[in-house]
Amino acid sequence: MGRYRILTLDGGGSWALIEAMTLIDIFGEKETGHGVLKQFDMVASNSGGSIVLGGLVEDMTLAQIRDVFLSEASRKSVFARKTLHLPGLEKYETPKKLDGLRAAFPRHGDKPLPEAAADIPGHSGKPVHLLVISFNYDTNRGVFFRSAVASRKGWGTGAVGTATVAEAIHASSNAPIRYFDGPAKLPSQTGKRYWDGAISGGNNPVLMAVSEAIVLGQDPKNIAALSLGTGATSLPFGPGDGTESPIFQTIHQSGLTTDLEKIAGAILDDPPDVATFMAHVMTGGPPAGFEHPVDSSIVRLNPMIAPVLDESGKFVLPEGLDADAFESLVKLDLDAVDQSQVEEIEHFANIWLNGFVANQPVRVGSDLTPEIGQARYADAKQAWKELTA
């Protein structure tokens, strides 16, 4: 039977296109959603990653899931812009997002999550365990929408989710403050309201997924997790000599607008030594019996918007991105709706898949070299292949 396999899908709005493209590179664009789900025992998702999960449950081909993000009409059905919008405040209508999600997943979107998963066998042959992350607006608590109960003596009971597939995605993808104009309300759950799962610390859900697997009775050392990201920005501080360059961080003065922007951005951030590293520790650190490049049971696949060090130790732009393109990616928000913006993300994903920009490792040293994990996509892909052979 081999290792207990987990797939996790980060949040990131339109940037979740990267996850769809990654799955295509691994499994092929003609592979179906159920074909992918059969390779795993559990799939956990947040926000934009939950939209990818919806496509997998809907049994769309991976090419069709990719096209959901490439289609401007599909994006605008989820990001339905408000008629009146003030800079720095909510831009999109929450109720219309649920309508757009139901339209995107017509066969399975209105099925309760347990019913939708019941006919999809996972790697072990049992129904794949689905886990969608959200945040209860009224109780200030993280929420798991599960396809099956997670219970174990001495560990308590994680209740099965009652929401439909579309409702769970809606609750998971409701980023507040500068995005959607109110908490998500679910027709099946009167009186309950939800924000994006990133508020509960689950933008990268790999740690939550590993915890869920352990509650389900899995030996931590027998868990293998493939953690897919939607891009991460890591910029060094400038040299202090007045040099202005898009590859260095800009220091902003504090204030209401700046602080709101930082709060909204912080919930979506995932330094590589937090969720993925903690999951690495929980699964026992380096797995026994493997050589390079398999140095962890957690494989992180996530492109880095970051400069690289040249032979002289100087920060330079990565190959494939000029200064304008790099700066545009740094500034590009998660709600990339315009076609030109999504094409920027697509180009960025392609050059990462081809090895021109860095992959986010599980843990990185101060000199930007990986301490755990792989700095190049091809090495990380090979590590997952060997770990699950």
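**Figure legends**

A residue is called buried under 20% relative accessible area, exposed over 50% and partly exposed in between (1.4 Å probe, protein chains only). This is a predicted model, in which local features need pLDDT of at least 70 and side-chain atom pairs pLDDT 80 or more, while totals for chains, interfaces and linings use all residues. Residues are numbered from 1 along each chain as its sequence is written, and side-chain values use heavy atoms, leaving out hydrogens and water.

**View 1. Ile 263 in helix H10.** Ile 263 belongs to helix H10, which covers residues 256-266 (helices, H or I of at least four residues, and strands, E of at least two, are DSSP runs numbered from the N terminus). With a relative accessible area of 46%, Ile 263 is partly exposed.

**View 2. Helix H1 and the residue that follows.** Helix H1 (residues 17-27) is largely enclosed by the rest of the structure, because 8 of its 11 residues are buried. These buried residues are Leu 17, Ile 18, Glu 19, Ala 20, Met 21, Thr 22, Leu 23 and Ile 24. After H1 comes Gly 28, which has a positive phi near 100°.

View 3. When residues up to four places away in sequence are not counted, Phe 145 touches several others (heavy atoms within 4.5 Å), among them Leu 113, Leu 130, Ala 163, Gln 189 and Tyr 194.

**View 4. Leu 332 between two helices.** Leu 332 is in the loop between helix H12 (323-331) and H13, and at 12% relative accessibility it counts as buried. Leaving aside residues up to four places away in sequence, Leu 332 touches Trp 15, Gln 341, Glu 344 and Ile 345. The C-alpha atoms of Leu 332 and Leu 387, which are 55 residues apart along the chain, are separated by 34 Å.

View 5. The side chain of Arg 300 meets that of Asp 10 in a salt bridge, 2.8 Å from N to O (a side-chain nitrogen of Lys or Arg within 4 Å of a carboxyl oxygen of Asp or Glu). This pair links distant parts of the chain, 290 residues apart, with Arg 300 in strand S11 and Asp 10 in the loop between strand S1 (4-9) and H1. Arg 300 counts as buried at 1% relative accessibility, and Asp 10 counts as buried at 3%.

**View 6. Two further salt bridges.** The side chains of Arg 193 and Asp 138 meet in a salt bridge of 2.5 Å, N to O. Arg 193 lies in strand S8 (residues 189-196) and Asp 138 in the loop between strand S3 (129-136) and strand S4 (141-146), so the pair ties together parts that are 55 residues apart in sequence. Arg 193 is partly exposed at 28% relative accessibility, and Asp 138 is partly exposed with a relative accessible area of 40%. Arg 66 and Glu 29 also meet through their side chains in a salt bridge, at 3.3 Å from N to O. Glu 29, Arg 66 and Asp 67 are linked in a network of salt bridges.
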